[in-house]
Amino acid sequence: MMGVRAAITQRPVASVCRTHSISRAGARRAGLHVARARNANQVSVVTTELEKEREVLARGERAWEDDTSVTGTMDEDDYCDGYFAPSDEEANTLMEGELLKGDILHSTTYHRVVCASAAVMCSGLLVEGASTSSSAAVAIAAFLGYVFADLGSGVFHWSVDNYGNDRTPVVGGVIAAFQGHHLYPWTITKREFCNNIHKVALPTIPLQAGLLAAPLPGTADVFLAVFTSCVVLSQLFHSWSHCRKSQLPAPVIALQDAGILVSRKAHGQHHRLPFDGNYCIVSGAWNNYLDSSGFFRNLENIVYERTKVEPRCWNEPDYTWVKGSAGKYD
């Protein structure tokens, strides 16, 4: 479980802001997570050990910079609890106990069928588009598909991190899996390929089937094929970002170092309470812009004003329902 523990104290926001000479928006940046309440002048102010966590992150960033060799190892203390997998012996002990009760890490026939179906649909889109477009047009469309897939992965990640639950139609399994990942980040490195990506692949099958049937320009087919495949494979890129360099092949390390695939340094910053930024997991290139511009905060405010539904990152994490749904969608 996350190493950062939170304590809830009841204090007026105005009092908190006066004490620290900051605005309500600044309170979040200063490490005060404000859980919005609907009554009186009081709100629940969730104070966390973020100063300590920032120091841990800073040590992690120095270690990330220093860990440049393929064979080097990393000190787990430089990262949030559970970011990297424990030893195989300890991992096996945990997985045999309550940690993943009802969950599995190997790929089943169902997982493989889902992934194969998504791959067939994606290949059909790509072939259909490439057959009616020039090589230059295909290359440009593919590049744009990759670039916007990073943005798409961020919006998708933000949405399932903050809204819905295990009973949400179509994406309920994804929502439960992403919340479970916050609890036990390292388990993603132990999952077999199809086990890891099938929940993201499943919703793309009917979508791609509809796109194949639609009379779209060839370049649109190529763009959508690359976009969809990168979003699905972002779970693989995501798992690589939880591995030490000593555990990865040289080409993957080169792609991470070049910023083509999301790196440990980029994704590690997401794994901090309240999980409210660094959502993009293809290359991570969009993260700085989306976070600095307040893109997701603005979306959250719009959703709240229209639906009165608060995102999870506004409140203290509640994982009780996630534990109860482990393995339900495998």
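At roughly what angle do the axes of helix 5 and helix 9 cross? They cross at roughly 25 degrees and come within 9 Å.

## Basis of the model

This is a predicted model, in which local features need pLDDT of at least 70 and side-chain atom pairs count only at pLDDT 80 or more, while totals for chains, interfaces and linings use all residues. Residues are numbered from 1 along each chain as its sequence is written, and side-chain values use heavy atoms, with hydrogens and water left out.

## The chain as a whole

The chain holds 15 helices and 3 strands. Both are DSSP runs numbered from the N terminus, helices being H or I with at least four residues and strands being E with at least two. Of the 330 residues, 45% are buried. Buried means under 20% relative accessible area, exposed means over 50%, and partly exposed lies in between (1.4 Å probe, protein chains only).

A contact is counted when heavy atoms are within 4.5 Å. Among contacts between residues at least 6 apart in sequence, 73% join residues at least 24 apart.

## Helix 5 and helix 9

Helix 5 covers residues 109-130 and helix 9 covers residues 204-213. Their axes are lines fitted to C-alpha atoms, for helices over the stretch in contact, and angles run from 0 to 180 degrees between N-to-C directions. Helix 5 and helix 9 are therefore roughly parallel to each other. Angles under 35 degrees count as roughly parallel, over 145 as roughly antiparallel, 65 to 115 as roughly perpendicular and the rest as oblique. The crossing of the two helices is left-handed, that is, the near helix is turned anticlockwise from the far one by less than a right angle.

Residues of helix 5 in the contact include Val-114, Met-121, Cys-122 and Glu-128, and those of helix 9 include Ile-205, Gln-208 and Leu-212. The contact residues divide into 9 nonpolar, 4 polar and 1 charged. Here Ala, Val, Leu, Ile, Met, Phe, Trp, Tyr, Cys and Pro count as nonpolar, Asp, Glu, Lys and Arg as charged, and the others, Gly among them, as polar.

## Glu-128

Glu-128 lies in helix 5 and is partly exposed, at 31% relative accessibility. Not counting residues up to four places away in sequence, Glu-128 touches Leu-212 and Asp-221. Glu-128 and Gly-218 are 90 residues apart in sequence, yet their C-alpha atoms are 6.7 Å apart in space.

## Cysteines

A disulfide is a covalent bond between the sulfur atoms of two cysteines. The criterion used here is a pair of cysteine sulfur atoms within 2.5 Å, and a search of the whole structure finds 0 disulfides. For Cys-122, the closest cysteine sulfur is in Cys-230, at 8.7 Å, too far for a bond. Cys-122 is buried at 15% relative accessibility, and Cys-243 is buried at 12%.

## Backbone in the loops

Most residues other than glycine have a negative phi, and most peptide bonds are trans. The peptide bond from Leu-273 to Pro-274 is cis, with omega near 5 degrees. Pro-274 sits in the loop between helix 12 (264-268) and helix 13 (287-292).

Asn-278 also lies in the loop between helix 12 and helix 13. Asn-278 has a positive phi, near 55 degrees, and is buried, with a relative accessible area of 11%. Val-170 has a positive phi of about 70 degrees and lies in the loop between helix 6 (135-162) and helix 7 (172-183). At 61% relative accessibility, Val-170 is exposed.
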